[in-house]
Amino acid sequence: MIPPEFDYHAAGSVDEAIGLLTGNPGEAKVLAGGQSLIPLMKLRLASPKVLVDISRIADLSYIQEKGDWLVIGAATKVNDLNDSKLVGSSYPLLADAAAHIADPLVRNMGTVGGNVCHGDPGNDLPACMVALGAQYVVRGPKGNRTVPASDFYQDTFVTALDPSEILTEVQIPKAQPGTGGAYLKMERKVGDFAIAAVAVQLSVDAKGTVTRAGIALTNVGPTVLNAPKAAASLLKKKPSDADLLAAGKLAAEAAQPTSDLRGPADFKRGVVQTLTQRAATLAWSRAGGQR
Ligand SMILES: Cc1cc2nc3c(=O)[nH]c(=O)nc-3n(C[C@H](O)[C@H](O)[C@H](O)COP(=O)(O)OP(=O)(O)OC[C@H]3O[C@@H](n4cnc5c(N)ncnc54)[C@H](O)[C@@H]3O)c2cc1C
């Protein structure tokens, strides 16, 4: 349980961190909260020769509304999401998820950037970002680029991030009247990764008709899964019980679970169906929809 030897650098700025990554091609990794990377190194499943610590870069930690976006700095701790009055009052999907990530100790160290960059299908924030229609600002030697969260996840631990790039900011469409979301997660015990979890974000008009829907799934595939058919099935409707049930079934069809210690694949599909139905019901009511 002792990691292989590595060099450690505490970067003072994003540019310094990028310089360290480009100066050590194929050998360096970003270290944020260390809650996923250090366990992997201890198990010798990862053995970077150089760690570039970005956790001390002060201007990478913030949660604020700016223009059309809620912007979150990559080094913001998951606990800061829990503590944020803005997130608690206007971004219920994020608040739901943050409260169910690991335990308070891990949330106090783990960062939003680390959670969305790690590429583990069990991480909870990627599904939220996909359902919310978020985008990621990524900086590398050639400057900034923006990647939609829905294009970022390619396979287990494989993302659109180049090894010399750092995610600097997550941008989420600013909450408007008539928007609401919910994240529901089934776990074996408190603090565990999900058996399955579902993120739903809806926008409704004054009559409660759904005008935008995003649905994404955690830990039922090689990476986070978008469920666009399930989301589309709710559009232009004041969803009835039958519509919500149908959306749950479509989400279950989009899931690609495998049987493992967290349960058989069929059981996980059933969990996705039920959680989608319930999360969509809650999201619709939080967005202002009423029967
Ligand atoms: C006991 C335990 C239970 C947990 N349960 C859950 C859970 O239920 N749900 C959940 O979502 N997570 C869970 N986690 C994971 C935890 O939330 C991690 O903190 C998080 O996934 C990674 O964040 P980090 O800041 O610690 O990243 P690190 O471990 O430092 O890094 C993770 C990966 O992301 C890369 N990275 C980090 N930041 C950046 C950046 N800004 N730019 C580019 N690359 C970056 C690193 O190079 C590394 O590859 C658990 C962890 C533990 C130890």
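## An exposed proline

With 9 C-beta neighbours inside 10 Å, P25 counts as exposed, because a residue is exposed if 12 or fewer other C-beta atoms lie within 10 Å of its own, buried if there are 20 or more, and partly exposed in between, with C-beta atoms placed from the backbone. You'll find P25 in the loop between α1 (14-23) and β2 (28-31). Helix and strand names like these come from DSSP runs, numbered from the N terminus: helices are H or I runs of at least four residues, strands are E runs of at least two. P25 and P163 sit 138 residues apart in sequence, yet their C-alpha atoms are 7.7 Å apart in space.

A quick word on what you're looking at: this is a predicted model, where local features need pLDDT of at least 70, side-chain atom pairs count only at pLDDT 80 or more, and totals for chains, interfaces and linings use all residues. Residues are numbered from 1 along each chain as its sequence is written.

## Domains

The chain's domain assignment gives domain 1 (7-53), domain 2 (60-173) and domain 3 (179-287); such bounds come from an automatic or database assignment. Between the C-alpha centres of domain 1 and domain 3 there are 35 Å.

## The nonpolar core

Which residues touch the most other members of the largest nonpolar core? They are C128, V198, L217 and A251, out of 91 residues in that core. A nonpolar core here is a set of buried Ala, Val, Leu, Ile, Met, Phe, Trp, Tyr and Cys residues joined through C-beta atoms within 7 Å.

Take V198: leaving out residues up to four places away in sequence, V198 touches L184, I215, L217, A251, V272, L275, T276 and A279. Contact means that the two C-beta atoms, placed from the backbone, lie within 7 Å. A279, in helix α12, counts as buried with 29 C-beta neighbours inside 10 Å. With the sequence neighbours up to four places away set aside, A279 touches A182, Y183, L184, V198 and V200. I57, on the other hand, is 222 residues from A279 in sequence and 36 Å away in space, C-alpha to C-alpha.

## Helix α5 and its cover

Helix α5 (residues 92-99) is largely enclosed by the rest of the structure, because 7 of its 8 residues are buried. Those buried residues are P92, L93, L94, A95, D96, A97 and A98. Their cover includes α3 (78-83), α4 (85-90), α8 (125-132), β11 (179-187), β12 (194-204) and α12.

α5 and α8 pack at an angle of about 170 degrees, with their axes 10 Å apart. That makes α5 roughly antiparallel to α8, since angles over 145 degrees count that way, while those under 35 are roughly parallel, 65 to 115 roughly perpendicular and the rest oblique. The axes are lines fitted to C-alpha atoms, for helices over the stretch in contact, and angles run from 0 to 180 degrees between N-to-C directions. L93, L94 and A97 of α5 meet L125, C128, A131 and L132 of α8.

## Helices α11 and α12

Helix α11 (residues 241-254) packs against helix α12 (residues 265-287) at about 140 degrees, their axes 8 Å apart. That makes α11 oblique to α12. Residues in this contact include L244, L245 and A251 of α11, plus V272, T276 and A280 of α12.

## Two positive phi values

A102 has a positive phi, near 50 degrees, despite not being a glycine. A102 lies in the loop between α5 and α6 (104-109) and is partly exposed, with 18 other C-beta atoms within 10 Å. F157, also not a glycine, has a positive phi of about 60 degrees. Its loop runs between β8 (153-155) and β9 (158-159).
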